[in-house]
Amino acid sequence: MSDESKTRILVLDDEPIVCKRLKPALEKAGFEVETFTRSAKAMERVAEQKFNIVITDLKMEGVDGIQFLTRVKEQSPATEVIVITGFATMDTAKESYQKGVFDFIAKPFKLAAILEVVKKAEQRVRAAQA
Amino acid sequence: MNILDRLKSAFKAWRKPRPNYPFAFLFRKFQGVLELNNAILERMAEMGAKLSGDYVFDKHYIEEATEHLGDLVQKLIYELNLLSDQKYIELYSAFQRIQTGIQREVAGERWVPDVPYILPLTAVNRDLSEETGAKSANLGEVKNAMGIAVADGFAITTRAFHDMLEHCKLAPAIDEVSRFIKEVGDDWTETNETRLDELTRQIRARLTAGWVPEPLTGALHRAVYDLTREARKDQLFFAVRSSATGEDSEYTFAGQHESLLNVPSEQLLEAYCQVVASAYTPGAWRYRVSKGFREQEMAMAVCCQVMVPARASGVLYTMDPIAPERDAVLVSAVWGLGGPLVAGAVQGDSYRVDRTAPHVVRTMKVVQKPRMLKVQPGGGVDWETVPEALQHRSCLSTLQLQELVRTALFIERYYKRAQDIEWAFDENARLLLLQTRPLKLPKELRRDLCRIADVVEAASVLISGKGTVVQRGIATGKVFVVRSDDDLLRFPHGAILVTAQTAPRLARVIRKAGGIITDMGSATGHMATVAREFRVPTVVDTGCATRVLHNGDEITLDATENVIYRGLVPELCYFEMSEEEVFEESLEYRLLRRILRMISPLNVLDRYSATFAPSGCRTIHDITRFVHEKAVEELIRLSTAQSRRRSTAAKRLVMGIPLGLLVIDIDGGTTATEGDRELRPEQMTSTPMRAFLEGLREPGLWGTEPVSVDFGSFMSSVTRTFSTASASPEEIGRNLAVVSREYMNLNLRLGYHFNIIDAYVVENINDNYAYFRFLGGVSEFTRRSRRARLIAEILEREGFRVEVRGDLVVGRIKKLNQEAMKTRMKLLGALVAYTRQLDVQLESDDQLSEFVEDFERRSAVLKPINLQERGRQP
């Protein structure tokens, strides 16, 4: 069932509703999507599977979003990371940009808005691959 | 010196009317009320918009938003009480009442104040599934929200169950069993089985021993009495079935709990106890444990329905769980009651029917049915021999099958889930729904759908991204273009309704329609409301539907992405139904919706009604509305009462148009003299107000012709406001302007719409600003009214920074030179005059631009040519 030509996306958010809503919307747009509500599980998964795009919340229990995205970037610098968070401060935004985050979206957001950002990120991923 | 200081110094010249608070202070409080009011309305509109399905939000958002809203309201009440000398202390308790409810919901406590022991099915819906169990909740929703026939009855709630447990002092025994099951783990030896049986038997014995809380007995008698009287019968018989929490939702609990049929009303209490006790059989208990339920979560509500003496009954799956791609509805049926069929004890007739209208019957397998289960006259059920002639006959006619399938698909569309339905046709061939629950589809289906993107890409697009989505969802079927009322009469079930214009008369075929597409029309009208109610996928205002789509065309409407495809793409339907969670059923959606019910409805509209009081405020919107009205009233009262001797008393502005406006001049805003009760426009010297009035009175903008509308009550409210004859200041107090030489603050209420304009205009460019706020009050505020958009568009054209949230429009402009500001004030006047009655005329977005053009033409005379706006005036 897995399709190599598809762009792979991992979504990490400890609020199940965010995963449940993003998954079908992204799948319908043609992406291969895996979602996680526990950062430890997501951490394990990125160690075994490369993702083109990672969408993560910043403030979660257990592993912090910043730690997670740092690890993702270490393991696969080509992965584009999109941060979604309800507690956006200038500091966290700055820190994530320094870590090479592709974009930063404040919760709550429109589905169309995140799809647009994901498509831009995909373009960059494709360009880098070419 | 900034604006505030200037105002302050202006107010200083004005002598303190009351020893405690100077008027300047009170006026600042009044402005504070307006600001808070605005902030609350914006927040409410923003929260409401989250329900549209466009946004992804989580529980943090709900917590944060409600907390913020609460803070604002608390401040609002405080400010009004300062202004009114603590006249409305009662508002605090009204607010506390609402706030407690909201906080409990947010904290996860289901808050149904005083859940009764018994709820009639007519009062039950999906939101009550914690209290009544999912079975009754689904039946209530189907009956009340969808209008589908369901046998009358009532739910005995979980509260009755909890009281019953307490009454029988069962907690220790239940704990003991829980501990025992935990200790045993997987080690179910015969000894352990026997032990469990013994332990649970004691619990069951206690429950069926007849120790029932007294109030429950009384409530049950009343419920039976009411139903018997309504049915005009001497005695009723009931189907008494378990409706435990968790049952019939994700887990079926199929066959775990007891159901009793045709119970005479006098034995209802015993039947209830028996069903409750069935939750404590070893089988049911271990089922719960295996599914991960905690024992504290278990609560057994019971559903009691008047027994249907069924002629034929059966089961229906809206999809084939083995082969969903066959696009068929599966039906099986037997004579008499359906129980044996459900239990697998007998074989019934089976049918395979097209999911797509006109629901052709593809296969039909009729078996011999020698026996049937029938209700017995004195109560209970028994086997009877099926008359020879019927044994080999199909239980259902084609017409009955189609009626059944249509009803089932209607329910499926509403829940956005394939359904597993139990049904019956009674002796009068009337279809009754007995039970509906989500049908489990195989996991493989979900996997196959990984290719959904390819399927979608391969489909040919007819229309994409045009118009406004009224209701998300997917519809497949044949186009039926409605051009006349005759077409409506001929509208076939399951067709996709295509028409030029939304209209209320379309509402009557909405239940039949698979989807709706229009060329023009409103996303806020009656038809749209009904479409949302039944969750019929609907897109309006595409501009081209009747041109592109023709009678009989097979199409797929994806109202989630707003695309219309050529041909049938059932995969989109399956995809939607296989989504892990239906947005409308998600915890967060339901939570926000429940909370918004305590926030947004407006109940206190009429200031003359007895409920227009703090005690009548049932929502946050009510409080804001009440506070605004009272704040305006207070300001008028203060100025009138404090300054009878002075020129500052409120005066009525007399002009050619009936606006009923009171003016308070705080410093050099008019040339009126002491003792005057009235004021003419020529006496207005306030720079912004004078300009505003000029625009307002411009001939050709204030339409004097009453608009003919079908919205009678709405218009009558407008005209009531305008009738100035014998109106005392108290009565027309809702329209108030506070002015000084360079400042104006205007509160205008036209019908149920509110306008606030606040402006300061002087030589110094940097001090100049104008603030305009419009709020439509009649239509549901989260929906965007065209009038709001028209106003927004005009304001934007004139250089205002505009925000639209639902029916709320806020426009701000600042730092233009004096002449340019005056022009804007004239335009604001013209805008108020022009748009005050437009709602009902604005039927489509196309018209919107026509009206913008029309306004530009009519108001052109107010604008000077080649004006330099930002710099110093030439």
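1. Two strands count as paired here if DSSP finds at least two bridges between them. In this predicted model, strand β4 (residues 237–244) of chain B meets that criterion with β6(B), to which it is joined by seven bridges in an antiparallel arrangement.

2. Turning to chain A, the model has an open sheet of five strands in the order β2-β1-β3-β4-β5, with parallel pairing. The edges of this sheet are formed by β2 (32–36) and β5 (103–106) of chain A, each of which pairs on one side only. From one strand to the next, the twist averages 15°.

3. Inside that order, strand β1 (residues 8–12) of chain A and strand β3 (residues 53–57) of chain A are linked by four bridges and pair in the parallel sense; in this pairing A:I9 stands opposite A:I53 of β3(A). Helix α5 (residues 111–129) of chain A packs on the sheet, where it touches β3, β4 (80–85) and β5 of chain A, and the direction of the helix makes about 165° with that of β4(A).

4. As for the contact between the chains, 21 residues of chain B are in contact with 20 residues of chain A. On the side of chain B that touches chain A, the elements giving two or more residues are β1 (55–56), α3 (59–83) and α16 (452–458) of chain B. By class, this side of chain B has 10 nonpolar, two polar and nine charged residues.

5. Strand pairing also links the two chains: strand β6 (residues 109–110) of chain A is joined to β1(B) by two bridges, and these strands run antiparallel. A:K110 stands opposite B:Y55 of β1(B), and β1(B) is also one of the elements named above for the side of chain B that touches chain A.

Key. Residues are numbered from 1 along each chain as its sequence is written. Chains are lettered from A and ligands numbered from 1 in the order in which they are written. This is a predicted model: local features need pLDDT of at least 70, side-chain atom pairs count only at pLDDT 80 or more; totals for chains, interfaces and linings use all residues. Two residues are in contact if their C-beta atoms, placed from the backbone, lie within 7 Å. Ala, Val, Leu, Ile, Met, Phe, Trp, Tyr, Cys and Pro count as nonpolar, Asp, Glu, Lys and Arg as charged, and the others, Gly among them, as polar. Axes are lines fitted to C-alpha atoms, for helices over the stretch in contact, and angles run from 0 to 180 degrees between N-to-C directions.
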